Amino acid sequence: GALVCAAAAGSQEHGSGKGRDDHIKHGGGHMNEIGLVAGVAYEAEESDGYGFLGVEYERMFNERFGITAVAEYVPDLDAVVLIAPMIYRPDGPLRLAAGPGVELEPRKAESAEDSAGGRESRFLWRFGLGYSFRLGKGIVATPAFDIDLVRDGSSWETVLVLDVAIGFAF
């Protein structure tokens, strides 16, 4: 399992809005953001950590609600993680995310003669918390902490995710 976290989109000033200009308020009026993600995922049960890279696209429906499409690649496992969390922004740059996804790993061979092939899929739920910072005109950085609950047979595996998304709001 791995991450989510983009930044912002959709905007209006907060109350009088003065003094909050240093914080991003939904991408500075933009409804969309596309970004690159880098992070580490830690599988608690196995005490293993893995780096990953990814891309994400966020679309805000209004000032508070949106959806994100995330694709991450974990080179050490040759795994792909695809997630579509809903986004809630209770106050400006703070970002809460929750949604379903799937982890695709290479199918493991059962025996020496079995070449396996293809990918094995595991359903997951991602829950996350992030905070967006404006780096420049339209450029946003969003560090985040996520918890992935990955279905593994009849049990759930917990994966802790730390990542940073660098994106462009438009």
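A salt bridge here is a side-chain nitrogen of Lys or Arg within 4 Å of a carboxyl oxygen of Asp or Glu. By that rule, the structure holds 8 salt bridges. Keep in mind that this is a predicted model.

Start with Arg126. Its salt bridge with Glu72 has the closest N and O atoms 3.1 Å apart. Arg126 sits in strand E7, residues 119-131, while Glu72 sits in strand E3, residues 65-74.

Now look at Arg122. Which side chain does Arg122 meet in a salt bridge at 3.5 Å? The partner is Asp152. Arg122 lies in strand E7 and Asp152 in strand E9, residues 139-152. They are 30 residues apart in sequence, so this bridge too ties separate parts together. The two ends of the bridge can be checked one by one. Arg122 has a relative accessible area of 9%. The cut-off for buried is under 20%, so Arg122 counts as buried. Asp152 has a relative accessible area of 37% and is partly exposed.

Elsewhere, salt bridges that share partners join Glu103, Arg122, Asp152 and Glu157 into one network.

Turn next to the aromatic rings. How many aromatic pairs does a search of the whole structure find? The search finds 4. One of the pairs is Phe123 with Trp125. Their ring centres are 5.5 Å apart, and their planes meet at 85 degrees. Planes over 60 degrees apart count as edge-to-face, so that is the label for this pair. Phe123 is partly exposed, at 38% relative accessibility. Trp125 is partly exposed as well, with a relative accessible area of 34%.

Phe123 has another ring partner, Trp156. This pair is also edge-to-face, with 6.4 Å between the centres and 75 degrees between the planes. Phe123 lies in strand E7, and Trp156 lies in strand E10, residues 155-169. The pair ties together parts that are 33 residues apart in sequence. Trp156 is partly exposed, at 39% relative accessibility. Taken together, ring pairs link Phe123, Trp125 and Trp156 into a cluster.

Finish at Val55. Val55 is found in strand E2, residues 48-60. Its relative accessible area is 45%, and Val55 counts as partly exposed. What does Val55 contact, leaving aside its neighbours within four places in sequence? Val55 is in contact with Gly35, Leu36, Ala69, Val70 and Ala71. Tyr73 gives one more point of reference. Val55 and Tyr73 are 18 residues apart along the chain, and 9.1 Å separates their C-alpha atoms.

Technical notes: Residues are numbered from 1 along each chain as its sequence is written. This is a predicted model: local features need pLDDT of at least 70, side-chain atom pairs count only at pLDDT 80 or more; totals for chains, interfaces and linings use all residues. Side-chain values use heavy atoms; hydrogens and water are left out. Helices (H or I, at least four residues) and strands (E, at least two) are DSSP runs, numbered from the N terminus. Buried means under 20% relative accessible area, exposed over 50%, partly exposed in between (1.4 Å probe, protein chains only). Rings of Phe, Tyr and Trp (its six-membered ring) pair if their centres lie within 6.5 Å; planes under 30 degrees apart count as stacked, over 60 as edge-to-face and the rest as tilted. Contact means heavy atoms within 4.5 Å.
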